[in-house]
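Hi everyone, thanks for making time today. Please bring up the model on your screens, and I will walk you through what I found in it.

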Amino acid sequence: MTLNVRVSGELQEFVTTNIGADGRYENVSEYVRDLIRRDMDRADHIAFERLKAELQAAFAAPDDAFVPLADVEDVIRRGRERLARPR
């Protein structure tokens, strides 16, 4: 994939200070790839923290809060209903 991105002003100055002999990256492509990787890591971290919070809440729930489920379709239906609820 090839991306064409135009930056100017303050953004251009910031990118320029981060590439080349005095910067952390050899070129703009390397810089952009690193930014994308960091954003992927951030998204993974957010998803993990969300999952961890859900599991902590589930393990903290009293035993009578658990409801037996009939089958896989019941699990999927309940999950979809839960996702459809406003947060």
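**A salt-bridge network and its surroundings**

Let me start with a pair of side chains: aspartate 74 and arginine 77 meet in a salt bridge, 2.4 Å from N to O. By salt bridge I mean a side-chain nitrogen of Lys or Arg within 4 Å of a carboxyl oxygen of Asp or Glu. Before going further, please keep in mind that this is a predicted model, where local features need pLDDT of at least 70 and side-chain atom pairs count only at pLDDT 80 or more, while totals for chains, interfaces and linings use all residues. Residues are numbered from 1 along each chain as its sequence is written, and side-chain values use heavy atoms, with hydrogens and water left out.

Back to our pair. Aspartate 74 and arginine 77 both sit in helix 3, residues 72–84, three residues apart, which is about one turn of the helix. Helices here are DSSP runs (H or I, at least four residues), as are strands (E, at least two), numbered from the N terminus.

Are these two partners buried or exposed? Aspartate 74 counts as buried, at 15% relative accessibility, whereas arginine 77 is partly exposed at 40%. The cut-offs are under 20% relative accessible area for buried, over 50% for exposed, and partly exposed in between, using a 1.4 Å probe and protein chains only.

Arginine 77 has another partner: its side chain also meets glutamate 81 in a salt bridge, at 2.8 Å from N to O. Arginine 77 and glutamate 81 are four residues apart in helix 3, so about one helical turn separates them. Glutamate 81 is partly exposed, with a relative accessible area of 40%. Through shared partners, salt bridges join Asp74, Arg77 and Glu81 into one network.

Now over to helix 2, residues 28–60, where lysine 52 and glutamate 49 are three residues apart, about one helical turn. These two form a salt bridge as well, with their closest N and O atoms 3.5 Å apart. Lysine 52 is partly exposed at 34%, and glutamate 49 is partly exposed at 29%. How many salt bridges does the structure hold? It holds six.

Let's zoom out to the whole chain. The protein chain has three helices and zero strands, running α-α-α from the N terminus on. Its radius of gyration is 23 Å, well over the 12 Å that the globule rule gives for 87 residues, so the chain is more spread out than a compact globule. That radius is taken over C-alpha atoms, and the rule is 2.2 Å times the number of residues to the power 0.38. Along the principal axes, the C-alpha atoms fill a box of roughly 65 × 25 × 20 Å. Buried residues make up 7% of the 87 residues.

One last stop is a nonpolar surface patch of about 930 Å², whose members include Met1, Leu3, Val32 and Met40. Patches are made of residues with over 30% relative accessible area and no salt bridge; like charges are joined within 9 Å, and nonpolar side chains (Val, Leu, Ile, Met, Phe, Trp, Tyr) within 5 Å. Helix 2 gives the largest share of the nonpolar patch, four residues, and methionine 40 has its place in that helix.

Note on methods
Areas by Shrake-Rupley, 256 points an atom, 1.4 Å probe, with all protein chains shown as cover.
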